[in-house]
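Please open the model in a viewer and follow the stops below in order.

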Amino acid sequence: MSGAANREQVFPTRMTLGVMKTKLKGAQTGHSLLKRKSEALTKRFRDITKRIDDAKRKMGRVMQTAAFSLAEVSYATGGNIGFQVQESISNNARFKVKAKQENVSGVYLPQFEADINENINDFKMTGLGRGGQQVQRAREVYSKAVETLVDLASLQTAFVILDDVIKVTNRRVNAIEHVIIPRTENTISYINSELDELDREEFYRLKKVQEKKQIAVAAADAEVAAKKAALQAKELAEKEDDTEKLVVKDETIKNEQEALENGDKEGTSANTLVTENEEDVIF
């Protein structure tokens with residue numbers, strides 16, 4: 001059959017037709033939902049891309065300012081203060097990163113937030129001799145740089161996850177739109193055509209059966225009519241025979257009556273003649 005490769009191999013029954021229609025409806029609903037999901041994720045992806053661009057620009061400016069601040073600290077203190085910074089670090093961290101998740105159309109995106117404890121100050125004694133103001137300014141600038149870096153890391157992670165999810169979702173949408181739905185529609189068309197053919201065959205079969213029944217009924221009616229005609233002819237013949245017999249009997253009775261009447265007349269004439277003779281003899 002034509003198009004057999006682009007449809008599912010199923011038996012053309014009405015139950016299969018119902019299953020295929022349900023499957024088509026589910027595929028269309030799934031396609032619509034995945035399309036909306038893809039659009040929502042794409043919108044969020046574009047927003048994150050714009051925020052990443054802004055964050056990178058901000059990061060460049062902040063790191064530039066931080067580099068100048070570090071140069072000021074080096075100039076003001078007269079040397080490298082890295083050893084003093086390491087000595088002043090306590091066991092409790094002042095800067096912490098908290099992670100949480102955000103649900104975007106069923107996709108969980110990680111978000112990182114900077115948590116700064118203002119009660120902890122690791123640079124109390126740093127720059128005490130000279131350059132303390134530059135050290136505090138550099139500390140603030142680098143704190144802003146780390147916050148910007150955390151935001152950028154959160155955006156970059158969401159960017160990578162959304163990129164993979166959008167690719168998978170678009171592949172699913174394209175598969176449903178260009179493979180599953182056309183194949184299911186072709187299967188439904190095939191089942192409908194086969195069912196129509198079966199209906200036509202059933203109609204032709206019923207028509208032939210009805211025609212044969214009509215021929216049989218006509219033959220039976222003809223046979224009954226012939227028997228009835230023969231019976232009527234027989235009855236008519238019997239009636240004619242009875243009529244002939246009645247006619248013959250009537251004629252016989254009539255002849256007998258005529259014969260009786262003729263006999264009475266002859267007797268009367270003989271008696272008359274006898275009487276006349278007797279009278280002649282007397283006179």
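Is Phe159 buried or exposed, or partly exposed? Select Phe159: this residue is partly exposed, with a relative accessible area of 25% (buried means under 20%, exposed over 50%, partly exposed in between, with a 1.4 Å probe and protein chains only). The model is predicted, so local features need pLDDT of at least 70 and side-chain atom pairs pLDDT 80 or more, whereas totals for chains, interfaces and linings use all residues. Residues are numbered from 1 along each chain as its sequence is written, and side-chain values use heavy atoms, without hydrogens and water.

Phe45 and Phe159 form a stacked aromatic pair, 4.7 Å centre to centre with 25 degrees between the planes (ring centres of Phe, Tyr or the six-membered ring of Trp within 6.5 Å; planes under 30 degrees apart are stacked, over 60 edge-to-face, the rest tilted).

Then select Arg51, Gln111, Asp151, Ser154 and Leu155, which lie nearest the centre of the second largest pocket among its 17 lining residues (on a 1 Å grid over the protein atoms alone, a pocket is an open set of points with protein on both sides within 12 Å along at least five of seven lines; lining residues have an atom within 4 Å of a point). Helix H1 supplies the largest share of this lining, six residues.

Conventions
On a 1 Å grid over the protein atoms alone, a cavity is a set of points where a 1.4 Å probe fits but cannot get out, and a pocket is an open set with protein on both sides within 12 Å along at least five of seven lines; lining residues have an atom within 4 Å of a point. Helices (H or I, at least four residues) and strands (E, at least two) are DSSP runs, numbered from the N terminus.
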